[in-house]
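Subject: Structure handover

Hello,

Here is the structure for you to take over. Please open it first, then read the notes below.

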Amino acid sequence: MQPSQTLIEQAAAACARGTKGVALTGAGISVESGIPPFRGKGGLWEKIDPMKYAHIDALVSNPAEVWEVLFRGIGELLTTATPNAGHLGLQRLEQMGILQTVITQNVDGLHQKAGSSDVIEFHGTHAVLRCMGCHVRSDWQAITLDRIPPVCPCGAYLRPDVVMFGEPIDVGLLRRSQILSANCDVMLVVGTSATVEPAAYLPLIAKDRGAFIIEINPEPTPLTDRVSDVTLLGPAGEVMERIVAAVANIQGRSL
Ligand code: APR
């Protein structure tokens, strides 16, 4: 499935007018990098129950099982993943002076690898470990997974520095994301089911303050036809390539 060229050009025209653009991304943007999403067909939550393995209470009461079932597998997946045309397209929009910031719910670091310079990791990062006792952060290189869960020099268990269900979003990141959303002129909502708060609320803030909302997703979401001004039904990589080409065309014409 591919959106029509008319819709691509509507989205490109809104991007070309933008100078304070924000992207909100979710697991779908990394699907073409080989990382499965959480919800829907082939999603991680089809295979494991998130309340059993991705809730903070599960980690506190059974850290070894959460490490074995969730963290170890994700860690292995992320070490080999590379950015795809979706991540690279957002970085190109930044280079073109359109996009300021990427707010991502992903913990895979692929926007930074693609070269985006201002990335808000709304749900933290899997690339860093944090001690559950003394809260000191450390690298994966500092540990081995011979013993699960890995232990901090202070004696408490280590965990990836991600936001689990039941945990709050960092207040500073939340506040900054809300302000950027309120002040952006165009928001690209890419590869998120837009079902998990408070991230799902950011497009509503942007829309309420007059931003043009472009949604990119092979499936409709709760934002489609309600909040999104243009919905491009298709995979992020292919759609982003077409948007970037159409924006380059507009910018070339206006030189
Ligand atoms: N390109 C773009 N979007 C895609 C693609 C693709 N190639 N493949 C799938 N999608 C879409 C799906 O249609 C779905 O709407 O990506 C979305 C993924 O949704 P979720 O799995 O719910 O991911 P996300 O929105 O990031 O979830 C939010 O929920 O479980 C928590 O903490 C986790 O950060 C995550 C949060």
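Contact here means heavy atoms within 4.5 Å. Please keep that cut-off in mind for every contact below.

Some ground rules. This is a predicted model, in which local features need pLDDT of at least 70 and side-chain atom pairs count only at pLDDT 80 or more, while totals for chains, interfaces and linings use all residues. Residues are numbered from 1 along each chain as its sequence is written, and side-chain values use heavy atoms, with hydrogens and water left out.

**Domains**

The protein is divided into domain 1 (1-32 + 83-123 + 169-255) and domain 2 (36-80 + 125-162). Those bounds come from an automatic or database domain assignment. The C-alpha centres of the two domains lie 28 Å apart. Where they meet, 10 residues of domain 1 are in contact with nine residues of domain 2.

**The cysteine site**

Which residues does UniProt mark as "binding site"? The unreviewed entry places that feature at Cys131, Cys134, Cys152 and Cys154. They are spread over 24 residues of sequence, yet they cluster in space, with a largest C-alpha distance of 8.5 Å. UniProt positions are given in the numbering used here, feature names are shortened, and annotations may be inferred rather than shown by experiment.

Cys131 lies in strand 4. Helices (H or I, at least four residues) and strands (E, at least two) are DSSP runs, numbered from the N terminus. Cys131 counts as buried because its relative accessibility is 0%. The scale is this: buried means under 20% relative accessible area, exposed over 50%, and partly exposed in between (1.4 Å probe, protein chains only). Leaving aside neighbours within four places in sequence, Cys131 is in contact with Val136, Cys152, Cys154, Ala156, Tyr157 and Leu158.

Cys154 sits in the loop between strand 5 (137-139) and strand 6 (158-162). Its relative accessible area is 47%, so Cys154 is partly exposed. Not counting residues up to four places away in sequence, Cys154 touches Cys131 and Cys134.

His135 is in the loop between strand 4 and strand 5. Its phi is near 70°, a positive value in a residue other than glycine. With a relative accessible area of 46%, His135 is partly exposed.

**The second largest pocket**

This pocket holds about 340 Å³ of space. Of the 14 residues that line it, the closest to its centre are Gly75, Leu78, Thr79, Ala127 and Trp140. How is a pocket found? On a 1 Å grid over the protein atoms alone, a cavity is a set of points where a 1.4 Å probe fits but cannot get out, and a pocket is an open set with protein on both sides within 12 Å along at least five of seven lines; lining residues have an atom within 4 Å of a point. Grid points are joined across faces, edges and corners, and a volume is the space filled by probe spheres set on the points.

Helix 5 (63-80) and strand 4 (124-131) each supply at least two lining residues. Helix 5 gives the largest share, five residues. By type, the lining divides into five nonpolar, five polar and four charged residues. Ala, Val, Leu, Ile, Met, Phe, Trp, Tyr, Cys and Pro count as nonpolar, Asp, Glu, Lys and Arg as charged, and the others, Gly among them, as polar.

His126 is in strand 4. At 4% relative accessibility, His126 is buried. Leaving out residues up to four places away in sequence, His126 touches Phe71, Ile74, Gly75, Leu78, Val107, Trp140, Pro160 and Val162.

His55 is in the loop between helix 3 (50-53) and helix 4 (56-61). It is buried too, at 17% relative accessibility. His55 and Phe165 are 110 residues apart in sequence but 4.5 Å apart in space, C-alpha to C-alpha. Not counting residues up to four places away, His55 touches Pro50, Met164, Phe165 and Gly166.

**Backbone points**

A cis peptide bond joins Ile148 and Pro149, with omega about -5°. Pro149 lies in the loop between strand 5 and strand 6. Another cis peptide bond joins Glu197 and Pro198, with omega about 5°. Pro198 is in the loop between strand 7 (186-190) and helix 9 (202-208).

Best wishes
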